[in-house]
Amino acid sequence: MLGNRPGIWPVWGFFLLSAWLQPSCVPTSNVPLPPGKAKPLSAKSSEKTPNLTAPRLSWQENTFSPRPASSPDPRLEVAESVCGQGDASLHDVADWLATHFSEHDGAASIDLANFHLRRLGAPYVMPRLWSAQMSPLDEQMIAESVGSWAKQRPALGEYRCGVAAAELKDGTFAVVVIQADVLVDVQPIPTQVEPGSWLSLEAQLLVSATEATVLLLPPVGPPRQLRTKIEGATIKARFPIETAGTWLVQLMASVQGGPRPVAQLNVTAGIEPPDAPDAQPVPGEEAADAKLDYDDALFAAVNAARDFQGLPQLKRNRRLDALARAHSEAMMSRGRISHDTGQGDPAYRVERSGLRPKATGENVALAGSPVRLHRALWGSPSHRENMLLRRWNELGVAVIKGEDNLLYATQLYIDSD
């Protein structure tokens with residue numbers, strides 16, 4: 001095991017999620033915030049939020065990929081050779097994390113990695129982190145350790161990688177590797193615009209996809225689904241940035257394993273872009289009491305978030321719990337989150353169990369705690385859309401803790417009325 005090697009202390013972090021919805025022929029719609037129904041969001045949280053504030057950081061003018069580049073540190077080229085194609089934005093993120101290695105835990109590092117990817121104009125989603133503190137800097141050990149880690153999960157698309165090392169105050173070295181499984185490349189799109197601007201998103205698929213959707217999360221209000229076109233391997237969409245604030249744009253595609261986010265970007269209109277990730281509590285997380293077991297905590301967070309939005313509460317369905325648990329266990333055994341682990345998509349799994357709902361939805365996620373699972377789901381347009389869909393009336397939840405202490409979560413939603 002890597003942790004038994006002398007002079008090296010590994011730290012891993014993941015922040016992954018995916019959403020799935022299979023409606024019946026009954027029409028569905030997004031859920032707007034009901035007037036007068038929203039409740040004040042409490043600052044109380046069951047998990048302390050680390051201080052992620054950074055000095056004023058410049059944002060790239062455009063988001064696009066790829067940005068091919070070799071590691072600026074020759075000592076780390078061997079790590080890049082086993083991790084994936086070098087990418088300038090990923091190298092920069094790895095450098096930032098290595099420099100600030102001692103200031104943040106693994107979960108906070110993933111938050112920062114995602115924030116800096118957006119700041120640097122990289123559309124990559126669901127990055128993986130490997131990091132270690134070592135003395136001295138051992139290139140062979142890095143190559144062996146990173147190589148073993150990188151091979152744990154085969155790429156769906158094309159692996160791209162960033163590596164960096166920084167000497168710490170105690171004379172040891174922090175080494176950080178960040179890896180992204182890239183399924184699309186994005187043509188340049190501005191990161192800062194004036195309110196009222198129209199933007200065009202064009203992405204080139206690197207893998208086969210049956211359909212694609214762009215989800216737009218405005219500064220206030222529910223996510224919106226946008227029309228998209230797939231012409232050969234090219235995805236196109238056009239949309240307005242109507243009001244001031246920070247907008248999140250997420251591209252979903254149905255690929256091997258089901259629908260998943262394949263690109264994400266921030267667009268800021270009429271205000272200064274943020275200095276750090278939003279570290280404020282999100283609706284529902286105060287219900288994820290640390291005294292509850294993981295399943296109950298995540299279930300409570302969903303219902304608290306729906307209550308915050310003035311939506312009906314969901315009934316716990318133990319048959320769905322069992323299906324969710326089987327799926328979380330399958331994801332853990334594969335080391336990858338997806339909607340199809342070889343047992344069929346969510347609708348098939350639910351119907352095979354004997355249930356006959358009008359519609360089925362699923363969120364899956366991987367993070368370090370129930371609160372971070374809930375924050376990840378809330379912060380993603382596709383997952384928040386599932387969580388707040390008015391038609392759902394029953395929910396099954398299962399959270400499995402892996403040997404790496406990461407939590408594999410499945411939420412199964414149905415409309416049984």
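Predicted model: local features only at pLDDT ≥ 70, side-chain atom pairs only at ≥ 80, totals over all residues.
Colleague: Why is the link of C83 and C161 called a disulfide?

Modeller: The two sulfur atoms are 2.0 Å apart, and the cut-off for a disulfide is 2.5 Å. The pair therefore falls within the cut-off and is called a disulfide. The structure holds 1 disulfide. With 95° about the S-S bond, the link is right-handed.

Colleague: What does that pair tie together?

Modeller: C83 lies in helix 1 (residues 77–83) and C161 in strand 6 (residues 158–167), so parts that are 78 residues apart in sequence are tied together.

Colleague: How do you know whether C83 and C161 are buried or exposed?

Modeller: Buried means a relative accessible area under 20%. C83 has 2% and C161 has 0%, so both are buried.

Colleague: Now R316: is that residue buried or exposed, and how do you know?

Modeller: R316, found in strand 18 (residues 315–316), has a relative accessible area of 17%. That value is under 20%, so R316 counts as buried.

Colleague: Which residues touch the most other members of the largest nonpolar core?

Modeller: They are V184, F239, I241 and L251, in a core of 29 residues. Among the elements that give two or more residues to this core are strand 8 (184–186), strand 12 (212–217) and strand 16 (245–255). As a general point, nonpolar side chains in soluble globular proteins tend to be buried together.

Colleague: What is L251 in contact with?

Modeller: Beyond its neighbours within four places in sequence, L251 is in contact with residues including V184, A203, V214, I235 and V262. V214 is also the bridge partner of L251, which belongs to strand 16.

Colleague: What makes strand 12 and strand 16 a pair?

Modeller: Two strands pair if there are at least two bridges between them. Strand 12 and strand 16 have 6 bridges, in the antiparallel sense, so they pair. Strand 12 also pairs with strand 13 (residues 224–226) over 3 bridges, again antiparallel, and there V214 stands opposite L226. In the hairpin of strand 12 and strand 13, 6 residues lie between the strands, and G221 takes a positive phi near 110°.

Colleague: Why is strand 12 called largely enclosed?

Modeller: Of its 6 residues, 5 are buried, so strand 12 is largely enclosed by the rest of the structure.

Colleague: Which strands stand at the edges of this sheet, and why?

Modeller: The open sheet has 5 strands in the order 10-17-16-12-13, with mixed pairing. Strand 10 (192–193) and strand 13 each have a single partner strand, so one side of each is left without a neighbour in the sheet. Strand 16 and strand 17 run antiparallel and are joined by 11 bridges, with T246 and T268 as bridge partners.

Colleague: What makes helix 8 and strand 19 mostly covered?

Modeller: In helix 8 (residues 370–378), 9 of its 9 residues are buried, including R372, H374 and W378. Strand 19 (residues 359–367) likewise has 9 of its 9 residues buried. Both faces of strand 19 are covered, with residues including A359 and N363 on one side and T360 and E362 on the other. Strand 19 pairs with strand 21 (residues 407–415) in the antiparallel sense over 9 bridges, and E362 stands opposite L412.

Methods: Residues numbered from 1 in each chain as written. Heavy atoms only, no water. Helix = DSSP H or I, 4+ residues; strand = E, 2+ residues; numbered from the N terminus. Buried < 20%, exposed > 50% of the residue type's maximum accessible area, 1.4 Å probe, protein only. Core = buried A, V, L, I, M, F, W, Y, C linked by side-chain atoms within 4.5 Å. Contact = heavy atoms within 4.5 Å.
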